[in-house]
Amino acid sequence: VIELGECMSNVVLIFGQSHCAMLRDKQISGLIPQPGTYMWSVGGWVTPTNNMISLCNDLRTIQHDAYVINAGVGGTGLVSTAAVPYGYWLDLTPGSPLKNLLAAISGHNVLAAVFIQGENDAYYNTSKEAYAAGLLQLYSILCGAIDKSPGELPFVVTPLGPDLIYPHRRQILAAQFAVEKYPGM
């Protein structure tokens, strides 16, 4: 664990389900972390590993140092609770992905958040309206936790890719694009 003092407060947050978690977990070789790049792991800042190296290196070109909290959890839903082994993102009970995320960002200035999720909700037929409302609720909870008004925190929702063949992909994709009209999203 790297001791960084006060300079560690400006962070970029990425969270969601398996595609997000794979940035942290998928083993790769050949990438070298640039100086000034850090990822949050087990309660402290460490040198980035795996695909997080690439993300941190890219962020390092934009800002002086790059601090990334990856709170990706495979097997989660946003609204859908069907067959989600690790919970759903709107759950605020102790040990849930959202409660763990809120604990990880406590005391940090979150500069931007990226949400990579939607597969489980597409598979289990979450409606466009429910998913869009869930995104807005999640954004509101996140903003409240870091003392920012909606609109002050850039919140990027990555759309489902074209290769996803789940039966309800189009309604989740429509919801993901529908929220872009809201400030900050």
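Trainee: Where is phenylalanine 177 found?

Mentor: Phenylalanine 177 is found in helix 6. Helices are DSSP runs of H or I with at least four residues, strands are runs of E with at least two, and both are numbered from the N terminus. A word on the source: this is a predicted model, where local features need pLDDT of at least 70, side-chain atom pairs count only at pLDDT 80 or more, and totals for chains, interfaces and linings use all residues. Residues are numbered from 1 along each chain as its sequence is written, and side-chain values use heavy atoms, with hydrogens and water left out.

Trainee: Is phenylalanine 177 buried, exposed or partly exposed, and why?

Mentor: Start with the cut-offs. Buried means under 20% relative accessible area, exposed means over 50%, and partly exposed is in between (1.4 Å probe, protein chains only). Phenylalanine 177 has 43% relative accessibility, so it counts as partly exposed. Its C-alpha lies 22 Å from that of leucine 98, a residue 79 places away in sequence.

Trainee: Which residues form a nonpolar patch on the surface?

Mentor: First the rule. Patches are made of residues with over 30% relative accessible area and no salt bridge; like charges are joined within 9 Å, and nonpolar side chains (Val, Leu, Ile, Met, Phe, Trp, Tyr) within 5 Å. A salt bridge puts a side-chain nitrogen of Lys or Arg within 4 Å of a carboxyl oxygen of Asp or Glu. Areas come from the Shrake-Rupley method with a 1.4 Å probe, and for residues only the protein chains shown count as cover. Here the patch is Tyr123, Tyr124 and Tyr166, with about 280 Å² of accessible area together. Tyrosine 166 sits in the loop between strand 6 (155–157) and helix 6 (169–178). Its relative accessible area is 31%, so tyrosine 166 is partly exposed.

Trainee: What does phenylalanine 155 touch?

Mentor: Contact means heavy atoms within 4.5 Å. Leaving out residues up to four places away in sequence, phenylalanine 155 touches Phe15, Ala113, Phe115, Leu138, Tyr139, Leu142, Gly184 and Met185.

Trainee: How many aromatic pairs are there?

Mentor: A pair of aromatic rings is described by the distance of the centres and the angle of the planes. Rings of Phe, Tyr and Trp (its six-membered ring) pair if their centres lie within 6.5 Å; planes under 30 degrees apart count as stacked, over 60 as edge-to-face and the rest as tilted. By this rule the count is 11. Take phenylalanine 15 and phenylalanine 115: the centres are 4.8 Å apart and the planes at 50°, so the pair is tilted. Phenylalanine 15 lies in strand 1 and phenylalanine 115 in strand 5, so the pair ties together parts 100 residues apart in sequence. Phenylalanine 15 is buried, at 0% relative accessibility. Phenylalanine 115 is also buried, at 0%.

Trainee: What of tyrosine 38 and tyrosine 67: stacked or tilted?

Mentor: Stacked, at 4.9 Å centre to centre and 15° between the planes. Tyrosine 38 is in strand 2 (residues 37–41) and tyrosine 67 in strand 4, 29 residues apart. Both tyrosine 38 and tyrosine 67 are buried.

Trainee: Which residues form one aromatic cluster?

Mentor: Phe15, Trp89, Phe115, Tyr139 and Phe155.

Trainee: Where is valine 42 found?

Mentor: Valine 42 is in the loop between strand 2 and strand 3 (44–46). Its phi is near 50°, a positive value in a residue other than glycine. With 82% relative accessible area, valine 42 is exposed. Aspartate 147 has a positive phi too, about 60°, although it is not a glycine. Aspartate 147 lies in the loop between helix 5 and strand 6.
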